[in-house]
Amino acid sequence: MSHAASGEGIGQPIRRREDMRLITGKGQFSDDMNLPGQTYAVFLRAPHAHARIGAIDTAAALKMPGVLAVLTGKDLLADGLKPIPHTPLLAHPAEIIPENTDGTPVFTAPHYPLATDKVRFVGEAVAIVVATSIAAAKDGAEAIAIDYEPLPAVTDTVAAAAPDAPQLWDQHSNVALDARLGDAAATAAAFKRAAHVVKFKTWVQRITGVPMEPRAALSEYDPQTKRYMLHAGSGGAVRLKNDLATVLGVPSDDVRVLMYDVGGNFGTRGMIYPEFAAVAWAARRVGKPVKWLCERHEAFLCDYQGRDLAVEAELALDRDGTFLAMRGSNIGNAGAHTTNFSPLQKGVEIASSIYRMPAADFRARAVLSNTAPTRPYRSAGRPEVMYVMERLIDLACRDFGFDRVEIRRRNLIAPSELPYTNPFGMTYDSGHYREVMDRALKEGDWDGFPARRAEARARGKYRGIAVANYVDTATGQPRERTDITIRRDGVIDVVIGTVSNGQGHETTFAQCINEWFAVPVDKVNIITHDTDIVKVGGGTHSGRGMRLASYVMKIASDEIVEKGKRIAAHLLQAKPAEIDFTDGHFRVTGSNRSVGLFEVAAAALDQSDLPGELRGPLTATCDKVVKEAAFPYGAHVCEVEIDPVMGNVEIVKYTTVDDVGRAVNPMIIHGQTHGGIAQGVGQALLEHCAYNAADGQLMSGSFMDYAMPRADDFPFFDTFISEVPMPSHPLGIRPAGEGGTCPALAVTVNAIVDALADLGVRHVEMPATPERIWRAINGKKDVSIAKAEG
Amino acid sequence: MPVVTMTVNGEARSAEVEGRTLLVEFLRNHLGLTGTHVGCDTTQCGCCTVHVNGVAIKSCTALAVALDGAAVTTIEGLAQNGKLHPMQEAFREHHALQCGFCTPGMIMSAIDMVRRNGHALDERTVRKQLEGNICRCTGYHNIVTAVQAGAAAMKGQ
Ligand code: FES
Ligand code: FES
């Protein structure tokens, strides 16, 4: 089949290859795996938010029927296990690395798979019980007696940063990082001469990832080879392998990680979990495979969580609405461990978004608190700061009479100003920002809104509209590798270090290969699931899946074509320079002599008359560190209708234009945008990991209490793709996974406030629940805001 | 331990189970039908939806022993003679799945929605009646489209 006829290449909305198994119940998720003779693990978890661990009595538990082992933090230290190797700040070459203002190193606390000295959040694992069944393990866990000495706890972000807050770690205050970015003097000067200053104080509440597949792990230790096998879904197999080896204190080749289908990630599943290491260790201790399945209530307690940023920000403008400077303070709540500060880092460095901002001055703090550790969640850090920037703009319009569209047009960076270095030091490479916003306004029928508002008002409903722009900085693990092999049987093997968590890599990566080799997508074998095959790779996060995979696949593919031309030259008795490669065939220019890709691969294996360097498998490797960040951007328009009696918000129209540089599979990109919008709107309207401030207990421990977005929370979305190629990428690709979420918080809340403006409402905190909206309309104090404002 | 027998996807299947064994455990652990998923512990996510005697139920909230003699259809039993069920086909055609974890439950629920409401499903009905099925990946947009298309395609069945 010729490539043109196949219609499967880059840009085609082909249906996904992975679907066939997933719609017939043949997916292979973590809990679908079993091993003969497997045993079952259950974790005993901390009932206190903060407590010193005293004596642990496991004698009764060990006597329970079926219980094989009870292991605690003490056993773990005795066995020499190491803390999880967190790297809280991203060291990507394009990132701004925040440093402590006082010059001290950034604090990192040891995070062991089981608590050793204290428990620091409700749900932290304290012991692992292994038994012949889950029920027996649960009974065993219940029989463990622990002496806790409860300590005062702090969960609130701002409160945790206070000098007199209960301190989690003896060796350091709760403030693990206290940095300042930008130019304080220039910013102060700009504020002095500003005609207008607008202020905004908010808390971007904590939410959690909720991949629908709960975590699960199955591990086996082979005493003969001294190797551990772990089967568990994550954002990347190689990183999980290396981290697991570090915790177990063994060489990384002694660990094999397997993962097939992964039921969602969104960042919170992005790295090793304490339980994964504990399960592998327990498998060695009991000498049998150990399986663990996280129940949903445990997932709410101790899956890594996301967001949780306390912000105070100000924007200075001149008389005609030109931005002069911004300043403020961001406090990111890291939870009980110094797991990951990159949401704070990735947020503050682009807090000025794609607007021209001559100066900025921001304080950025990461604080520890008695809550579950946080990690990047769908577009870590960016939705938070986009929300703040866009709220500041709308507040300035309201206070000083600017038009919401005009002011954005005036301040958006023009293509002629790109590349543009923002006041924090990030350089945006390319984009048609105004054009994209104008298209979103047109598609969202901004101009027709007054009539729709009047019509709604006649029905007793309050209708509001808003537009928000965004930029996303995609960085993450900069190194990726692929090994591509052309097999003689008509199949192309692509080994790559990313893992699909629902993004459809088996389809889209194969579309790239189809584009270059004209091989049907079904003949491309994408191999990501086994670290005995995949040795290098950064996994899937920060918009790096397609971006980096296509990067290395293109380079390796070009190398194969070059090598293939030299082989074909021998076979066709021509010079390599005379050979063209089109439609999967090497052809002698201007003749009808040709040889197919797979014949060339077979010849390389079989023909002993080829020069030595051309003999052997037709294969190429690309292992590359990609130093550039990518900058997807776009604009969303949201229209809401509010019932002023009940405070219910209905999203009636939601329009997006997202620039993805080049769309490999538009169908999948639209799907990514839909899901991203739902996660952003979920935060704006519904979701909240709520902790009781008094005792640190989690109050949102199930789907009964944690409001998940459901089908009837949304309309059909109108999503549009813009394709302005990114100059630093060989195919021009910008990531497409996070654009849906980036401006969704901002545009939803701004639309709500616009709807309620006539009722005197100036702001509604997230989640904008009916109760909060009702209170805002009725002038009642919002208890939750009062708390956030401390 | 009691032995339960059910007709699962058209075949008689028996196993010895504990009194507390849930239908989903019977299907997944005893029969190896792992297409039915468990996504929660409070009967809310719908990942475990199967048909019992032709009606959708959440298999995480039914005891296997209580269903002795029942006819159960799971996602594995929908395709007939190698041909996908129209609702499966619609999910694939309309890209109604990403990670695919919620998908079996969604498809089983959707088919039951057609049984209850007929083939002309309007958007509002679909959205309302998907209340008991949670998806984190898709924003539901393509799921709603697929359910409508699948419902229409089932008419010719
Ligand atoms: S597993 Fe969630 S409803 Fe049954
Ligand atoms: S497709 Fe992933 S949860 Fe629905």
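Mentor: In chain A, 39 Å separate the centres of domain 1 and domain 2, taken over C-alpha atoms. The domain bounds come from an automatic or database domain assignment. For chain A that assignment gives domain 1 (3–25 + 476–625), domain 2 (34–91 + 106–151 + 213–263 + 269–302) and domain 3 (404–473 + 630–788).

Some ground rules. This is a predicted model: local features need pLDDT of at least 70, side-chain atom pairs count only at pLDDT 80 or more, and totals for chains, interfaces and linings use all residues. Residues are numbered from 1 along each chain as its sequence is written, chains are lettered from A and ligands numbered from 1 in the order in which they are written, and side-chain values use heavy atoms, with hydrogens and water left out.

Now the join itself. Domain 1 of chain A puts 18 residues in contact with 17 residues of domain 2 of chain A. Contact means heavy atoms within 4.5 Å. These two domains bury about 1,400 Å² between them, and carbon and sulfur atoms give 48% of that. Buried area is the accessible area (1.4 Å probe) that two parts lose on being put together, summed over both. Four salt bridges are counted between domain 1 and domain 2 of chain A. A salt bridge is a side-chain nitrogen of Lys or Arg within 4 Å of a carboxyl oxygen of Asp or Glu. A:R21 and A:D261 meet in a salt bridge through their side chains, at 2.8 Å from N to O. On the side of domain 1 of chain A that touches domain 2 of chain A, four residues are nonpolar, 10 polar and four charged.

Next, the two chains. Chain B brings 47 residues into contact with 51 residues of chain A. The two chains bury about 4,200 Å² between them, 57% of it on carbon and sulfur atoms. The rule finds six salt bridges across this interface. A:R15 and B:E93 form a salt bridge at 3.0 Å, N to O. On the side of chain B that touches chain A, helix 2 (86–93), helix 3 (103–117), helix 4 (123–129) and helix 5 (141–153) each give two or more residues. Helix 5 of chain B gives the most, with five residues. Helices (H or I, at least four residues) and strands (E, at least two) are DSSP runs, numbered from the N terminus. By class, that side of chain B has 18 nonpolar, 17 polar and 12 charged residues.

Chain B has its own join. Chain B divides into domain 1 (3–76) and domain 2 (86–156). Their centres are 21 Å apart, taken over C-alpha atoms. The contact takes 18 residues from domain 1 of chain B and 15 residues from domain 2 of chain B. Together they bury about 1,200 Å², 62% of it on carbon and sulfur atoms. In domain 1 of chain B, B:H37, B:H51 and B:I75 lose the most area to domain 2 of chain B, together 38% of what that side buries. The count of salt bridges between these domains is zero. The count of residue pairs in polar contact is eight, both residues at pLDDT 80 or more. Strand 3 (49–52) and strand 4 (55–58) of chain B each supply at least two residues of the domain 1 side that touches domain 2. That side holds seven nonpolar, 10 polar and one charged residues.

Finally, a single residue. A:N750 sits in helix 20 (residues 744–756) of chain A. A:N750 counts as buried because its relative accessibility is 1%. Buried means under 20% relative accessible area, exposed over 50%, partly exposed in between (1.4 Å probe, protein chains only). The side chain of A:N750 makes a polar contact with that of A:R391, at 2.7 Å.

Methods. Ala, Val, Leu, Ile, Met, Phe, Trp, Tyr, Cys and Pro count as nonpolar, Asp, Glu, Lys and Arg as charged, and the others, Gly among them, as polar. A polar contact is a pair of N or O atoms within 3.5 Å; within protein, one must be able to donate a hydrogen and the other to accept it, and residues adjacent in sequence count only if both atoms are side-chain atoms.
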